[in-house]
Amino acid sequence: MMITIPSDLDPSLEEMFKPHMGMLQLSMHAAEELIEPVDTSVVSQLMEWPLPEQLAPFVAMMRKLTPLDQGHIDPITHAMHSCAAALIYHNGLVPELGAHVTGVRTEPPSAALKTAWKNAQKI
């Protein structure tokens with residue numbers, strides 16, 4: 001990852017910033033190496049229709065927590081699941097979703113996951 005100094009930066013600040021550029025680049029490189037890749041296949045499965053059987057318990061749990069989600073009209077339910085998948089992905093909740101689907105996590109979903117699911121209902 002390349003770090004550049006903004007062109008509109010105050011020249012006095014630029015001089016103070018330059019000595020730290022090398023250290024900052026090394027720190028960012030080290031951070032990139034520590035990040036484990038996230039398996040996003042579960043998000044893709046949430047967008048499939050009909051819904052894969054392994055996701056049924058998770059969806060049933062979320063449906064109980066969301067009174068608006070009754071899931072009676074297939075095209076609307078499919079669209080809602082796709083919106084939920086996008087919100088879950090972009091809010092960094094994929095690991096939690098995967099943990100619920102695989103059964104690693106048995107406690108209730110986090111407030112962020114509940115919010116993403118409820119917001120998908122509104123879209």
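Two rings of Phe, Tyr or Trp (for Trp, the six-membered ring) count as an aromatic pair if their centres lie within 6.5 Å, and a pair whose planes are over 60 degrees apart is edge-to-face. By this rule the count comes to one aromatic pair, in a model that is predicted.

**Exercise 1. Find the aromatic pair, classify its geometry, and say which parts of the chain the pair ties together.**

Solution. Begin with the rings: the partners are Phe 58 and Trp 117, whose centres are 5.7 Å apart and whose planes stand at 90 degrees. Since the cut-off for edge-to-face is over 60 degrees, the pair of Phe 58 and Trp 117 is edge-to-face. Next, place each partner: Phe 58 belongs to helix H4 (residues 56-65) and Trp 117 to helix H7 (residues 111-122), so the pair ties together parts that are 59 residues apart in sequence. Finally, look at accessibility, where buried means under 20% relative accessible area: Phe 58 has 2% and counts as buried, and Trp 117, with 0%, is buried as well.

**Exercise 2. Describe how H4 and H7 are oriented, and which kinds of residue make up their contact.**

Solution. The axes of the two helices, H4 and H7, come within 10 Å and cross at roughly 80 degrees. An angle of 65 to 115 degrees counts as roughly perpendicular, and H4 and H7 are therefore roughly perpendicular to each other. On the H4 side the contact involves Phe 58, Val 59, Met 62 and Leu 65, which meet Leu 113, Lys 114, Trp 117 and Lys 118 in H7. Sorted by kind, the residues of this contact divide into six nonpolar, no polar and two charged.

**Exercise 3. Work out whether Glu 96 is buried or exposed, and which residues Glu 96 touches.**

Solution. Glu 96 lies in helix H6, which covers residues 94-102. Its relative accessibility is 11%, and because buried means under 20%, Glu 96 counts as buried. The side chain of Glu 96 is joined to that of Ser 110 by a polar contact of 2.7 Å. Leaving aside residues up to four places away in sequence, Glu 96 touches Arg 105, Pro 109, Ser 110 and Leu 113.

**Exercise 4. Decide how accessible Ala 86 is, and then place the helices within the whole protein.**

Solution. Ala 86 lies in helix H5 (residues 74-90), and at 36% relative accessibility Ala 86 counts as partly exposed. The C-alpha atoms of Ala 86 and Ser 44 are separated by 9.4 Å, although these residues are 42 residues apart along the chain. For the protein as a whole, there are seven helices and zero strands. Buried residues make up 26% of its 123 residues. Among contacts with a separation of 6 or more, residues 24 or more positions apart account for 63%.

Definitions and conventions. Residues are numbered from 1 along each chain as its sequence is written. This is a predicted model: local features need pLDDT of at least 70, side-chain atom pairs count only at pLDDT 80 or more; totals for chains, interfaces and linings use all residues. Side-chain values use heavy atoms; hydrogens and water are left out. Rings of Phe, Tyr and Trp (its six-membered ring) pair if their centres lie within 6.5 Å; planes under 30 degrees apart count as stacked, over 60 as edge-to-face and the rest as tilted. Helices (H or I, at least four residues) and strands (E, at least two) are DSSP runs, numbered from the N terminus. Buried means under 20% relative accessible area, exposed over 50%, partly exposed in between (1.4 Å probe, protein chains only). Axes are lines fitted to C-alpha atoms, for helices over the stretch in contact, and angles run from 0 to 180 degrees between N-to-C directions. Angles under 35 degrees count as roughly parallel, over 145 as roughly antiparallel, 65 to 115 as roughly perpendicular and the rest as oblique. Contact means heavy atoms within 4.5 Å. Ala, Val, Leu, Ile, Met, Phe, Trp, Tyr, Cys and Pro count as nonpolar, Asp, Glu, Lys and Arg as charged, and the others, Gly among them, as polar. A polar contact is a pair of N or O atoms within 3.5 Å; within protein, one must be able to donate a hydrogen and the other to accept it, and residues adjacent in sequence count only if both atoms are side-chain atoms.
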